[in-house]
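These are my notes from going through one model.

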Amino acid sequence: MSRLPPLRLLTTFEAVARLGSMREAASALNVTQPAVTQALKALEDHVGAVLIDRTTRPARLTEPGQQLARATRDGLDLIADTIEEIRTSTGLEDQRLTVACTMGFATHWLMPRLSDFYSRNPGLFVNVQVPPTDLAQIWPGADLVLRYGRGTWTDGETLRLFDETVCPVGRPALVESLLAKGDGLDAAPLIHVRTVEARHWEGWGDYFARRGLPKPRGQSHVFDNYVQAVQAALDSRGLMLGWRSITERLVADGSLKPWPDAALDLGTAYFATVAPEAARRPAVRAFVAWLGEKTEAES
């Protein structure tokens with residue numbers, strides 16, 4: 001048996017480890033969830049160890065899984081860097097651009113729309129970079145950053161994309177059950193996202209304070225990022241604070257239901273800021289123009 005498993009198995013495992021969900025990995029890879037499950041089982045057979053603890057919700061990496069995730073990420077990053085070097089040396093540099101944004105925004109807003117950009121701009125390549133923190137800045141190597149805030153940055157030309165709003169959302173059956181019992185938001189089970197890097201994002205405490213609601217007394221579920229939080233909401237674990245950029249499509253297709261009359265405008269928005277050194281590149285200009293047209297059409 002070869003020492004290395006097929007690359008397909010490693011890329012599937014890397015997607016699961018990065019996104020924290022087999023469902024999200026299947027969507028990102030454009031395959032079925034059973035195909036992801038089968039690939040993970042084949043990789044575990046090759047490695048000879050359990051990589052994912054499936055007894056927890058959401059499933060978590062075991063210690064061997066964490067080891068392999070680090071090695072796989074480093075290996076794929078090295079491959080990606082090498083490809084970029086080759087592209088640059090063969091004249092493809094003008095056909096690619098790198099966009100930095102949060103994992104939640106990439107998963108739930110940008111990636112589902114990228115096919116439209118490619119159909120309008122054949123021959124261009126978009127690399128999506130998810131920085132290690134949610135802090136709003138232009139990361140090294142990024143041509144532009146998609147970020148949340150009030151548009152006060154001065155590190156590049158900034159375009160306002162759309163206003164951001166928040167509204168509690170949950171599985172329709174859960175929302176209807178809580179309302180039928182006469183429970184308010186303060187009694188509902190709540191899904192929190194808490195990380196050191198996400199302190200500039202409003203949480204449930206801010207929402208309750210702004211709405212003048214009683215302090216929550218329901219059960220709490222805490223997760224590290226919005227990808228995990230969305231999956232927990234889809235699993236009926238509780239209500240999450242739904243940001244338009246993350247849950248809009250799930251509300252539109254009926255997967256999640258908003259709490260009635262609970263939307264809150266925080267006076268914030270999503271913006272695109274272009275790095276000064278990238279502003280004149282044709283690929284970057286094409287992407288910024290597409291962003292403007294796309295968000296205007298959807299507003």
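Predicted model: local features only at pLDDT ≥ 70, side-chain atom pairs only at ≥ 80, totals over all residues.

Confidence. For the chain, I noted a mean pLDDT of 88. A pLDDT of 70 or more is reached by 93% of its residues.

Strand E9. I asked how many residues of strand E9 (residues 239-243) are buried. The count came back as five of the five, so the rest of the structure largely encloses strand E9. The cut-off I used for buried is under 20% relative accessible area.

Partners of E9. I then looked up which strands pair with E9. Strand E6 (residues 157-170) runs antiparallel to E9, and four bridges join the two. For Val169, I found Met240 in E9 as the bridge partner. Strand E7 (residues 190-193) pairs with E9 in the parallel sense, over two bridges. On that side I recorded Leu190 opposite Leu239 in E9.

Cysteines. I searched the whole structure for disulfides and got zero. For reference, a disulfide is a covalent bond between the sulfur atoms of two cysteines. I also checked two cysteines for burial. Cys101 has a relative accessibility of 3%, so Cys101 counts as buried. Cys167 has a relative accessible area of 12% and is therefore buried as well.

Notes: Residues numbered from 1 in each chain as written. Heavy atoms only, no water. Buried < 20%, exposed > 50% of the residue type's maximum accessible area, 1.4 Å probe, protein only. Pairing = 2+ DSSP bridges. Disulfide = S-S within 2.5 Å. pLDDT = per-residue confidence, 0-100.
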